[in-house]
Amino acid sequence: MTALRSIDTLDGENSFNCYVAEPEGEVKAAIVVIQEIFGVNAGIRRKADKLAEAGYLALAPDLFWQLERGIELDPDIEGEMQEALDLMGKFDQDEGVRDIEAAIKFARSEFGANKVGAVGYCLGGRLAYMTAARTDSDATVGYYAVGVDELLREKEAISNPLILHIPEEDGFVDKETQAKMHEGLDDHPKVTLYDYPGMDHGFATEFGKRRDEENADLADKRTMDFFAEHLG
């Protein structure tokens, strides 16, 4: 069952929409699905639906609401890709993490979820790292996170398990940045980094030209095994 729900911001002064996918049977735990720069589009909704099929309550909040509500863009359309990049430049990431925290709290209070995790992609991968450092997410996963080297000072705040999936040929994350991620995080007891040789940014997208079936399946299996271990 899917629905669009309204979530209050942490200060209670505004609200934003959230796509919610509920499993048919008993809820194992809840997982917040953190959007790419393309909004809560068909691909992100499909990510949420697949988590619901696996028994998780999945919530995909509209994090771009302060710029424009209901944005849905297609990365395979050139003009929409540029629009998405422009939105990323205007987006307040700190506010975004607070909205993710609000979604986590919503899952706990509204649905009674004992454990809540998060998974994010692209910009959402970066926000996933920030979520692991700044919220009480019980287990967090980031796919092709951008700019993590700028956030390594926050690593000491990560107290629950975190996975980062790193495509080695990421057009948005160069080899030097990847090396800094490994240097800064390989010895962290709560962080695991997986590298994907030959893969580019977006290789695990649900739809479109960027997807690589074999590596997407591998990364997603690692993610689901991780959530099974840490969320139930």
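Predicted model: local features only at pLDDT ≥ 70, side-chain atom pairs only at ≥ 80, totals over all residues.
Student: Why is the pair formed by Phe 16 and Trp 65 called stacked?

Tutor: The ring planes of Phe 16 and Trp 65 stand at 15°, and planes under 30 degrees apart count as stacked. The ring centres are 6.2 Å apart, and the cut-off for a pair is within 6.5 Å; the two rings therefore form a stacked pair.

Student: What makes this pair a tie between parts of the chain?

Tutor: Phe 16 belongs to strand E2 (residues 15-21), whereas Trp 65 lies in the loop between strand E4 (57-61) and H2, so the pair joins parts that are 49 residues apart in sequence.

Student: How do you know whether Trp 65 is buried or exposed?

Tutor: Trp 65 has 10% relative accessibility, and buried means under 20%; Trp 65 therefore counts as buried. Phe 16, at 0%, also counts as buried.

Student: What is the geometry of the aromatic pair of Tyr 196 and Phe 203?

Tutor: This pair is tilted, with 40° between the planes and 5.0 Å from centre to centre. Stacked requires under 30 degrees and edge-to-face over 60, so the rest count as tilted. Tyr 196 and Phe 203 belong to one aromatic cluster with Tyr 121, Tyr 143 and Tyr 144.

Student: What makes Lys 47 a charge over the ring of Tyr 143?

Tutor: The charged end of Lys 47 is 5.8 Å from the ring centre of Tyr 143, and the distance cut-off is within 6 Å.

Student: Which residues lie closest to the centre of the largest pocket?

Tutor: The largest pocket has a volume of about 250 Å³. Of its 15 lining residues, Leu 85, Cys 122, Val 146, Phe 172 and His 201 are the closest to the centre.

Key
Residues numbered from 1 in each chain as written. Heavy atoms only, no water. 1 Å grid on protein atoms, 1.4 Å probe; cavity = no way out; pocket = protein on both sides within 12 Å on 5 of 7 lines; lining within 4 Å. Points joined across faces, edges and corners; volume = space filled by probe spheres on them. Phe/Tyr/Trp six-rings, centres within 6.5 Å; stacked < 30°, edge-to-face > 60°. Helix = DSSP H or I, 4+ residues; strand = E, 2+ residues; numbered from the N terminus. Buried < 20%, exposed > 50% of the residue type's maximum accessible area, 1.4 Å probe, protein only. Lys NZ or Arg CZ within 6 Å of the ring centre and 35° of its normal.
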